[in-house]
Amino acid sequence: MAPVLSKYVTQKNAVIGGAVAGVPLLVYLVKKYALQSKKTVKRRAPENDIQYLIVDKSAEKKNANKAHVNARFIKQLFLILKIIIPGFTSPEFGLLLLVAASLTARSYSDIWMIQTGTVVETAIISMNKELFKNQLLYFFAGMPIISLVNNVLKWSIGELKLRLRTRLSRHLYDDYLRGYTYYKINNLDNRISNPDQLLTADVDKFCDMFTDLYSNICKPFLDIIIYVYKLTSTLGFETPSVMLGYLMVSGFILTYLRRPTGRMTVIEQKLEGEYRYINSRLITNSEEIAFYNGNNREKLTVLASFNKLTNHLRKFLEFRVYMGFVDNIIGKYIATVVGFYAVSIPFMNNKSYLSNVSQNERFRNYYTMGRMLVKLAEAIGRLVLAGRDMTRLAGFTARVTEIMTVLTDLNKGHYVRTMLTDNNSSLNEKKLVPNSGRIITKDNIIKFDKVPLVTPNGDILVEELSFEVTSGMNVLVCGPNGCGKSSLFRILGELWPLFGGTLTKPPKGKLFYIPQKPYMTLGTLRDQVTYPHTKEEMQRRRKTDADIANHLERVQLSYLLQRDQGWDTVADWMDVLSGGEKQRIAMARLFYHQPQFAILDECTSAVSVDVEGSMYQYCRDAGISLFTVSHRKSLWKHHDYYLQMDGRGLFQFNKIDSDTEEFGS
């Protein structure tokens, strides 16, 4: 007779069988839907064809995306910790101790609640009203202390995050805004394309991740010590040793499986930075894009960047889901089984003292010690799962270390730049090495002695430039686009490295530069004229509002003082002022600082000829020697010499006299 299968089918078996059969089916359907979605996106999204390059190309490119929990990570982390926790007497170290003390107090609070709760429940079961009343009052009296402990812990963790972020941000900004490092990291070195992302979001995430990881590791670690001590004194060491052995084995397995997390975290932050950079680039160049009607093209570029980011985030999400599945199995469920086995050892051992007590006493011990073992198992599980956060911290540590390394190199004068053309051979033939030239600081003179004009890309514009200008000499610099006019001024301003020769120049504060599009700072009208001085710095130099009012009068902008609060008027000056007004504000700024030399780079192109002439005349009267880049013939009369570069490596430096042929518009 054939077996009747229906008798084996129960409601419980049917649920289990349905779940087992349904999981593979669900996975298959999700994967099929994902593949169809990807095909649809590829078919309907033209942004997939857009290509752009914002990647970092350094000599260490092959190690750029590697971030694992290893010796290198520990070394990087300790270097950062020396910055954010400078010593044992620092407030940050005190907060670390306060967090640890609060976590310890919280663990003891948990033990107290377990023990007190057990007594309360015993009183209920035994119908002991007096014991129940006393223990309930005792339990109630302890609540304010436990609440205080929890909130002290919450405050100390939040304050620690803020202090660590403050320390690290101040350190990075000290390096980033030292000298011209902020210029060099964007224009000379191309290892980092998005320093704003690193200085803001990545620093914040690093500090959050480190603080959370500290508390998430410290609390389980303290719990393990406390509960192991309590359990060992009662049940012996065999039970806790089983749990600790499982901790080591499972921790090793999960740490190995999580290795890709660090690399994927680094890539995620890089793609976030790219996406932010492309959006900020759209804002910066909005006018030019609007004239070209390039909104659709820029939309494709933005979406292409967004697709790269979301595709990576989707892969990262899938990886985290897979790892979450493994984490739950190893860190929770198997740990629970191991916990049951561990707690059963003393109770099922005939030689244990528990075998000689009553069933009620064994039940009370199991209830108290079992809850402690549950807490121990939870602590071990959290410690095992903390490896996941440790791997993510490795990614943020690598990112922060990256910008620290680049800033240190730039402050030492070393930069790395990927050449688009093979110019290194020509540099080697001429024996030109960055920062190999000599700079001499001397008042009232600018002298180029066999100084090559070389761009950061390695293009040699002029092999050897030699001329001398002293105070009182105004020089007109002219030549076609790309001949080296801007390069000359960048080398003079020490923005670009010196590849040879000797440059004699006054100190930085005695050399002033005014570009064609002047920079308007965030602040008051007074700040626009005194920049980069603050009001306090202006007063310290014994300058008054009346003095800078005279400078506004000279550039015919006195009417600006009639606005709102006069000098204290705050506005978005980049938008409020016209192009000509901004150029005249920049000239008033020059008059305020009264340097020995000034570089005027087409800075009066939007100013009328008569106002331009009066401003140049005041510069001569005030003893400000000028280097002027301009194509206006009207400016020749205000200069004594001209420096002309032909764009083919040749130059002329001659005195302007009646026979000099003027050129320009």
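1. Let's start with the transmembrane annotation. The unreviewed UniProt entry assigns "transmembrane region" to residues 14–34, 136–157 and 239–257. Please keep in mind that the model you have open is predicted. In it, the stretch 136–157 is 100% helix and 0% strand, with its end C-alpha atoms 32 Å apart.

2. Six strands make up an open sheet with mixed pairing, in the order 6-9-10-4-11-12. Strand 6 (511–514) and strand 12 (651–655) are the edge strands; each has a single partner, so one side of each lacks a neighbour in the sheet. From one strand to the next, the twist averages 15°.

3. Strand 4 (residues 475–478) and strand 10 run parallel and are joined by three bridges. Val477 has Val629 of strand 10 as its bridge partner.

4. Helix 13 (residues 485–492) lies across strands 4, 6, 9, 10 and 11, and runs at about 130° to strand 4. Helix 18 lies across strand 6 and strand 9, at about 175° to strand 6.

5. Now the nonpolar packing. The largest nonpolar core has 74 residues, and those touching the most other members are Leu168, Phe206, Phe448, Val477, Leu488 and Phe627. Helix 6 (residues 195–235) is the biggest contributor to this core, giving ten residues. A second, separate core holds 33 residues, among them Phe512, Ala598, Val611 and Leu626.

6. Setting aside neighbours within four places in sequence, Leu488 contacts Phe448, Leu453, Leu465, Phe467, Val477 and Leu643. Val477, in that list, is the residue whose bridge partner is Val629.

7. Helix 19 (residues 609–621) passes a simple geometry check.

8. Finally, the surroundings of helix 19. Its buried residues are Val611, Glu612, Gly613, Met615, Tyr616, Tyr618 and Cys619. An α-helix has 3.6 residues a turn, so residues three or four places apart point the same way. The buried residues of helix 19 pack against helix 16 (545–554), helix 18 (579–593), strand 9 (597–601) and strand 10 (625–629). Val611 is also one of the members of the second core.

How values were computed
Residues are numbered from 1 along each chain as its sequence is written. This is a predicted model: local features need pLDDT of at least 70, side-chain atom pairs count only at pLDDT 80 or more; totals for chains, interfaces and linings use all residues. Side-chain values use heavy atoms; hydrogens and water are left out. A nonpolar core is a set of buried Ala, Val, Leu, Ile, Met, Phe, Trp, Tyr and Cys residues joined through side-chain atoms within 4.5 Å. Buried means under 20% relative accessible area, exposed over 50%, partly exposed in between (1.4 Å probe, protein chains only). Helices (H or I, at least four residues) and strands (E, at least two) are DSSP runs, numbered from the N terminus. Contact means heavy atoms within 4.5 Å. Two strands pair if DSSP finds at least two bridges between them. Axes are lines fitted to C-alpha atoms, for helices over the stretch in contact, and angles run from 0 to 180 degrees between N-to-C directions. UniProt positions are given in the numbering used here, feature names are shortened, and annotations may be inferred rather than shown by experiment.
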